[in-house]
Each structure stands twice: as C-alpha cells, then as structure tokens.
Amino acid sequence: MNGNNDDPKTPLLPLHGDRDGRGPPGSPSASPLLDLFTPGNVFVALGPLLCAMTCLCVRLDGPVAGRNMLGVLAWMFAWWLTEAVPMPVTSMAPLFLFPMLGIASADAVARSYMDDVIALVLGSFILALAVEHYNIHRRLALNITLVFCGEPLNPPLLLLGICATTAFVSMWMHNVAATVMMMPVATGILQRLPEGPTRPDAAGKFCKAVVLGVIYSAAVGGMSTLTGTGVNLILVGMWKSYFPEANPISFNTWFFFGFPLALLIFLGLWGILCLMYCSRGSGRALSAYLDKAHLKRELELLGPMAFAEKMVLTIFSMLIVLWMTRSITEDIPGWGALFEGRAGDGTVSVMMATLLFIIPNKKQKGEKLMDWNKRKKLPWNIILLLGAGFAIADGVRSSGLADILSETLGFLEAAPYLAIAPAVCTISGTITEFTSNNATTTLLIPLLIQIAKTMGVHPLLLMVPGAIGAQFAFLLPTGTPSNIVGFTTGHIEIADMIKVGLPLKITGIAILSLLMPTLGAYVFGTNGKVP
C-alpha cells in the first residue's frame, strides 16, 4: 500500500510542501489555506453544511421538527458515507443534535442507546469473547472439518465442512468476529497446498473457494439468528419502536424464519462454489497435500478440554436454550410467561454473561472464567451504531417526518407486492456495497415502513427484505469488514468476488422473495391485521 516503503508510520502523501510534494517534511506550508481545505476537513464540514441548508432552505408541509430531522439525516449519512469522523462518533450525534434542534429531549434520545436489544448484544458479545479467549471456536472448527474431510479426500465435502462450521459460528456471534476466528483455521488448512508456479490449478481454485466460502458463509449464517448481525437487531429494535403494541420479534420467532432462509442460501453458495472451483479430478490433485492427519495434529496441539472451556460451552448452550424457549407458541408460552412478559432476550443474555465473572476457571486460585480486563475488545462501535439506528427511527416518527414521507409515496399504493419486494431487496443490496450494512438498514427501514403503510400491507413484508438485502454485500471487498479479511489473505481478487457474489446475490433475492410471502407470512403473521 505504501509503495516500496514498508514503514506503516510513513504517510501516504507529503505532510507539507508545495503541490508537487517538494520541500522537507518539517518545512512550513506554502499556504495555510491548503492545509485547511484538505479532503478530510471538507468532508467534516459537509455534514453540518448539508444540515444547515436543509433546515434553512427546504420547505415541508409539516412541523419544523420534521424538516430538522431531515437535516440531521443529511448530516449523519454524509459523515457515515465519507467516514469524515469515526463511525461510532457519528453514531453519538443524535445525543446532541436532537435536543438542540427540537426533535427530542436529552432523556428521550439517551434511552434509545440502552434497551433490551442492546442488552442482548452486550451479553452475547461478552460470551463470544469468552469463546474466543478459550479457543473453543478453533476446537469446534477442527472437529467438524475433520468429520467432513473424507478419505480419500473429497474437496466439495471438505469445503462444505469449512463453510458449515463458519456459518454455525456466525449464528452465535457477529459476522466479523466469526470471520476473524475462522479465517486462520481455513488458511491453516490451505498452507498445506503448494505455492508458486508449481501449484496445480486445482489447488489455486480450491484456495479461492475456501476463502470465499468463509466470508460468505459468515454473512449467511448471521442471517439466521438475531445475534448473528447488527442488521437483524436494528430491524427488531425499529419494529418494537414503531409498533410497541404489536407482538415483538423474539429470538426464536426470527430463528424459525431466518434459519430456513439462511440454509437455502447456504446450499446455493456451496453449489456455486463447487460448480466454479471444485472440478472433477480435483480430489486426486489435492489428496497429496490435504489429509486427516494434518487436522488431527492441529487438534492434538489444543490438548483435552479444560474445566474452563467446558463451563463456557455449557453457559453458551444454556443461553441458546433460554433464547429458544422464552416464547414458544400460544399454547406453550415458554418460561417468559413466569415473569408476565417483563423478561426479554437481553435479560438472560446479560444474566448468563454475568456467570462468567462468578464461576472460577480452576487454573489459578481466585481467578474466574473471565475478568473485566478481557472485556476491552467489546465492539462498542457496533453498540453505538445500534443505538443511533434506534434513535433515528424514534426521531423520524416523533418529528412528523414519517408522515411527510408517506404522503410523497402515494404512487406506490397500486404497486403489487410481488414486484416491489424484490425491488426493495435489490436496492438495499446495491446500497450496502458502498456503505455499511447497519447504516443501510438504518436509512431504509423507516422509509420502508412508510411505503408499507401507503400500500396498506404489513410492514414486515417490506422491512424484512430490506434488512436481509442489506446483508447481501457480496461484490466488493469494502462491502463489509468480513470481505476485507478474506481479501487480505491474497487468495482472491475482486473478479473472484464478483464471479461468485453476483449469482449468490441473485439467488438470495430469489429465495427471500419466495419465502417472505409464504413462510414469513406464517412466522410473522403478516396475513393478519396490519399494525
């Protein structure tokens, strides 16, 4: 990235000097104005400027707060798209913009940053860090991959094992964390393959298939549960915020829809990878380098499971059971009925995470399974972004901007749902290639709610395709941090991502468009009364 200079501290461009970059690094700038009007400073000023122009020049048929809310949206999305300031900092902007512009009180907007959904994220992230700390994910991956390796080697089956393991891990922790955990496991297997001009063509293709399989399986696996990705949590939080009287989307409600959806997309992904990269005869070409003996040696290096690992795995398993059984059916209410609906998924998430700080690890006297110093890797950026999404959803509704937008969308009332749902998913899937999944969801969901009201259809019929489509960032390395993790391995290029990502995106849109009005109608009750 820095040319021939490998020093990471060396700047990409001269800090001082004239426009040609001449002059010693410590010499005075030729013009202070050139230092002032840097791209970074221009992007920083762009947000407040767009907000001011919107508040002063835009005229809407509604309350002033609605116009101000539109200005806040322009400010925040300008900063999110340009990354003029760190995304977590932008996510905190509603805390001062909403009270100053008359959109909401300080207390009201602050409550958006801590509710049951945020508690769910906190607890699950703490448990995920415990899994990572004790290498449970690596042990799980090696065991499952060992089962799928086959003897003699079957490349499609081994690829299925690696991808299935990644998808399973991603179901219970964030996509990026799952990718970061699984990529070393995958590349460790690929290290057995030869490099350079002597490498067989089958080996190069299999490397591409594995790396692409890991990054895409992490995205697909995250769709199946609420904790797998922030997008699902944003959707659930906005549903709760906009429709507090409607039945909330619980962990198991989403799972009953998300898991079949993710399973079908996953099978499509595996089929595409096998078709493009696992040709006949590849097993013979790779069998000389990949065998079960290598995987067994890796597993033996981890040693037997210690007490701490067993306890973390037990706590995580208990949490999954509690998530799945809080609310089962109308006839079988689940354990949540014992607390008359006061307990949520976040309640048990934090409760089980708390046990990690109480149960000893039996390694050293007085040492617990986890301590707070090990919690420094908590992704507060994701937590703040979730809070910003909930705050924006509340602001769009309370300011009157939602009603104003709904009036401008009247032409959609006659559009058939079967035509607009794939279009929503396609638009969402396109935007997410250029900005974060969470930011795309935060932007689109409030608009989709108004479109659904205008059309007279159940809001979830559009909200779910919009949110799922925001997770179809399959074409560019910059689409998600997971894509970047795979791209930096050196095994894939942008052409490979487009080659696999485009048919995978089309497959995902088709499956979602088929499942939403069928399985989705049953799980979410979208055929019933429109909230």
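Student: Where does Ile 506 lie?

Tutor: Helices are DSSP runs (H or I, at least four residues), numbered from the N terminus. Ile 506 is in helix H24. Keep in mind that this is a predicted model, where local features need pLDDT of at least 70, side-chain atom pairs count only at pLDDT 80 or more, and totals for chains, interfaces and linings use all residues. Residues are numbered from 1 along each chain as its sequence is written, and side-chain values use heavy atoms, with hydrogens and water left out.

Student: Is Ile 506 buried or exposed?

Tutor: Buried means under 20% relative accessible area, exposed over 50%, and partly exposed in between (1.4 Å probe, protein chains only). Ile 506 has a relative accessible area of 53%, so it's exposed.

Student: Which residues make the nonpolar surface patch?

Tutor: Patches take residues with over 30% relative accessible area and no salt bridge; like charges are joined within 9 Å, nonpolar side chains (Val, Leu, Ile, Met, Phe, Trp, Tyr) within 5 Å. A salt bridge here is a side-chain nitrogen of Lys or Arg within 4 Å of a carboxyl oxygen of Asp or Glu. Areas come from the Shrake-Rupley method with a 1.4 Å probe, and for residues only the protein chains shown count as cover. Phe 487, Ile 494, Ile 498, Leu 502 and Ile 506 form a patch of about 410 Å². Helix H24 (residues 494-515) gives the largest share, four residues.

Student: How many aromatic pairs are there?

Tutor: A pair of aromatic rings is described by the distance of the centres and the angle of the planes. Rings of Phe, Tyr and Trp (its six-membered ring) pair if their centres lie within 6.5 Å; planes under 30 degrees apart are stacked, over 60 edge-to-face, the rest tilted. Searching the whole structure turns up 14 aromatic pairs. Trp 172 and Phe 251 are stacked, because their centres are 6.1 Å apart and their planes at 20 degrees. This pair links distant parts of the chain, 79 residues apart: Trp 172 is in helix H9 (residues 155-172) and Phe 251 in helix H13 (residues 251-277). Trp 172 is buried at 9% relative accessible area, and Phe 251 is buried at 0%.

Student: How many disulfides does the structure hold?

Tutor: A disulfide is a pair of cysteine sulfur atoms within 2.5 Å. The structure has zero disulfides. Cys 55 is in none, and its nearest cysteine sulfur, that of Cys 51, is 4.1 Å away. With 13% relative accessibility, Cys 55 counts as buried.

How values were computed: Helix = DSSP H or I, 4+ residues; strand = E, 2+ residues; numbered from the N terminus.
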